[in-house]
Amino acid sequence: MEIVGEWSGHHTDKGIWEYFKGYWLPLFPNLPARSQFVRQASNLWKVKQVTFGK
């Protein structure tokens, strides 16, 4: 979700979450609350850093 959100021009966790809630909710009916989404995304920081070099 983060990769697609970034590619779509949404560069914040809030923006990515709102994008998926607004346009992709039928495909992600169990989308967690924004706070939980942000927490899960932040737990992947090391993987993203190694994978994408940011």
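1. Aromatic pairs. The count of aromatic pairs comes to 4, where rings of Phe, Tyr and Trp (its six-membered ring) pair if their centres lie within 6.5 Å, and planes under 30 degrees apart count as stacked, over 60 as edge-to-face and the rest as tilted. Tyr19 and Phe20 form an aromatic pair that is edge-to-face, with 5.4 Å from centre to centre and 85° between the planes. The rings of Phe20 and Phe28 have their centres 5.5 Å apart and their planes at 85°, so this pair too is edge-to-face. One aromatic cluster is formed by Tyr19, Phe20, Tyr23, Trp24 and Phe28.

2. Basis of the values. The model is a predicted one, in which local features need pLDDT of at least 70 and side-chain atom pairs count only at pLDDT 80 or more, whereas totals for chains, interfaces and linings use all residues. Residues are numbered from 1 along each chain as its sequence is written, and side-chain values use heavy atoms, with hydrogens and water left out.

3. Buried here means under 20% relative accessible area, exposed means over 50%, and partly exposed is in between (1.4 Å probe, protein chains only). Phe20 is buried, with a relative accessible area of 3%, and Tyr19 counts as buried at 16% relative accessibility. Phe28, by contrast, is partly exposed, with a relative accessible area of 30%.

4. Packing of α2 and α3. Helices (H or I, at least four residues) and strands (E, at least two) are DSSP runs, numbered from the N terminus. Two packed helices are described by the angle between their axes and the distance between the axes. Helix α2 (residues 13–23) and helix α3 (residues 34–42) pack at an angle of about 125°, with their axes 10 Å apart; axes are lines fitted to C-alpha atoms, for helices over the stretch in contact, and angles run from 0 to 180 degrees between N-to-C directions. The two helices α2 and α3 are therefore oblique to each other, given that angles under 35 degrees count as roughly parallel, over 145 as roughly antiparallel, 65 to 115 as roughly perpendicular and the rest as oblique. The crossing of α2 and α3 is right-handed, a crossing being left-handed if the near helix is turned anticlockwise from the far one by less than a right angle, and right-handed if clockwise.

5. Residues between α2 and α3. On the α2 side, Asp13, Lys14, Ile16 and Trp17 meet Arg34, Phe37, Val38 and Ala41 of α3, where contact means heavy atoms within 4.5 Å. By class, the contact of α2 with α3 has 5 nonpolar, no polar and 3 charged residues; Ala, Val, Leu, Ile, Met, Phe, Trp, Tyr, Cys and Pro count as nonpolar, Asp, Glu, Lys and Arg as charged, and the others, Gly among them, as polar.

6. The buried part of α2. The buried residues of α2 are Gly15, Ile16, Trp17, Tyr19 and Phe20. What covers the buried residues of α2 includes α1 and α3.

7. Glu2 has its place in helix α1 (residues 2–7) and is buried, with a relative accessible area of 18%. Leaving aside neighbours within four places in sequence, Glu2 is in contact with Asp13, Ile16, Phe37, Ala41 and Lys48. Glu6 is also placed in helix α1, but Glu6 is partly exposed, with a relative accessible area of 33%. With neighbours within four places in sequence again left aside, Glu6 is in contact with His11 and Ile16. Glu6 and Ile16 are 10 residues apart in sequence, and 7.3 Å apart in space, C-alpha to C-alpha.

8. Gln40. Gln40 lies in helix α3 and is partly exposed, with a relative accessible area of 40%. The C-alpha atoms of Gln40 and Met1, 39 residues apart along the chain, are separated by 11 Å.

9. Prolines between α2 and α3. Pro26 lies in the loop between α2 and α3 and is exposed, with a relative accessible area of 71%. Between the C-alpha atoms of Pro26 and Phe37, 11 residues apart along the chain, the separation is 17 Å. Pro29 lies in the loop between α2 and α3 as well, and counts as exposed at 60% relative accessibility. Pro29 and Leu44 are 15 residues apart in sequence and 22 Å apart in space, C-alpha to C-alpha.

10. Helix α4 and what follows. Of the 8 residues of helix α4 (residues 45–52), the number buried is 0, so this helix lies largely in the open. Gly53, whose phi is positive, near 70°, follows α4.
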